[in-house]
Amino acid sequence: MNKKERLSTDLYCITAEKFSLGRSNIEVVKEMIDAGIKIIQYREKKKKMLYKYQECKRLREMTKEAGVSFIINDDIHLAMAIDADGVHIGQEDLPLEEVRRLLGKDKIIGLSTHSPQEAADAVKRGADYIGVGPIFKTNTKEDVCDPVGLEYLEYVVENLDIPFVAIGGIKEHNVDQVWKLGGRCICMVTEIVGAEYIKAKIRSIREKLN
Ligand code: 3NM
């Protein structure tokens with residue numbers, strides 16, 4: 001599968017152990033894989049590197065065996081050490097060009113964007129996909145800007161030719177608004193990791209998308 005094909009999927013999942021109701025990332029990712037999720041990002045800002053490395057080594061084995069793309073948030077070294085499929089970076093991380101130089105052309109690089117200008121810039125600089133958000137208010141990401149609303153999503157749908165992931169405050173009850181506007185890859189962090197029954201939650205969300 002090439003990079004574009006890997007990114008053509010309805011739900012993009014992200015880990016967040018502190019919202020996972022006491023379950024480990026290993027348990028949560030296993031449920032995501034069992035539910036048929038095809039791309040998962042590891043995002044843990046506060047854990048120590050050795051712990052993250054050990055956890056990600058296990059998650060890499062699990063995702064590889066299941067044919068699931070595994071993306072690391074921010075940390076290029078960690079991504080290289082465990083041979084992740086790619087990284088997701090923010091506007092204030094290492095410049096995309098440097099990340100590309102370090103990881104090579106075959107790895108997926110995603111960049112968070114919050115405005116038409118950042119999105120256009122990401123396309124020019126060779127991002128494989130962009131994060132588009134936060135669509136609605138979210139408390140999951142610290143220091144994120146105010147919601148950009150559905151207008152920014154609409155701008156991306158209508159003007160840019162790059163895979164994108166709509167993110168931020170998206171829940172089962174509002175996902176149809178994102179889907180209707182053309183958001184075809186959607187990320188919900190707390191709605192999924194914080195669900196009592198993750199597989200049932202994913203199934204129920206997918207029913208809303210059809
Ligand atoms: N990135 P939830 S919003 C990780 O707008 C992240 O770039 C965002 O979490 C962005 O689905 C966000 O729980 C958190 O609202 C999304």
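Of the 16 residues around the ligand, the nearest are Gly133, Thr138, Thr140, Val189 and Thr190; here a residue is near a molecule or strand if its C-beta atom, placed from the backbone, lies within 6 Å of it. Sorted by class, that shell has six nonpolar, eight polar and two charged residues. For this count, Ala, Val, Leu, Ile, Met, Phe, Trp, Tyr, Cys and Pro are nonpolar, Asp, Glu, Lys and Arg are charged, and the others, Gly among them, are polar.

Keep in mind that this is a predicted model, where local features need pLDDT of at least 70, side-chain atom pairs count only at pLDDT 80 or more, and totals for chains, interfaces and linings use all residues. Residue numbers start from 1 along each chain as its sequence is written.

Now for the overall picture. The chain has 10 helices and eight strands, with helices (H or I, at least four residues) and strands (E, at least two) being DSSP runs numbered from the N terminus. Its radius of gyration is 16 Å, close to the 17 Å from the globule rule for 210 residues, so the chain is as compact as a globular protein of that length. That radius is taken over C-alpha atoms, and the rule is 2.2 Å times the number of residues to the power 0.38. Along the principal axes, the C-alpha atoms fill a box of roughly 40 × 40 × 35 Å.

Of the 210 residues, 42% count as buried. Buried means 20 or more other C-beta atoms within 10 Å of the residue's own, exposed means 12 or fewer, and partly exposed is in between, with C-beta atoms placed from the backbone.

Strand 1 (residues 11–14) and strand 2 run parallel, joined by three bridges; strands pair if DSSP finds at least two bridges between them. Cys13 has Ile40 in strand 2 as its bridge partner. From strand 2, Ile39 and Gln41 point one way and Ile40 and Tyr42 the other, and all are buried.

An unreviewed UniProt entry places the feature "binding site" at Gln41, Tyr42, Arg43, Glu44, Lys45, Asn73, Ser112 and Lys141. Such annotations may be inferred rather than shown by experiment; the positions follow the numbering used here, and feature names are shortened. Glu44 sits in the loop between strand 2 (39–42) and helix 3 (49–66). Leaving out residues up to four places away in sequence, Glu44 touches Thr15, Glu17 and Lys52, where contact means C-beta atoms, placed from the backbone, within 7 Å. Lys141 belongs to the loop between strand 6 (129–132) and helix 7 (149–159).

Here is how some loop residues compare by burial:

| Residue | Other C-beta atoms within 10 Å | Class |
|---|---|---|
| Glu44 | 21 atoms | buried |
| Lys141 | 19 atoms | partly exposed |
| Leu21 | 12 atoms | exposed |
| Gly67 | 10 atoms | exposed |

Most residues other than glycine have a negative phi, and most peptide bonds are trans. Leu21, in the loop between strand 1 and helix 2 (25–34), has a positive phi of about 55 degrees although it is not a glycine. Asp74 is not a glycine either, and its phi is positive at about 70 degrees; Asp74 is in the loop between strand 3 and helix 4 (76–81). The peptide bond from Gly133 to Pro134 is cis, with omega near -5 degrees, and Pro134 lies in the loop between strand 6 and helix 7.

Definitions and conventions. Two residues are in contact if their C-beta atoms, placed from the backbone, lie within 7 Å.
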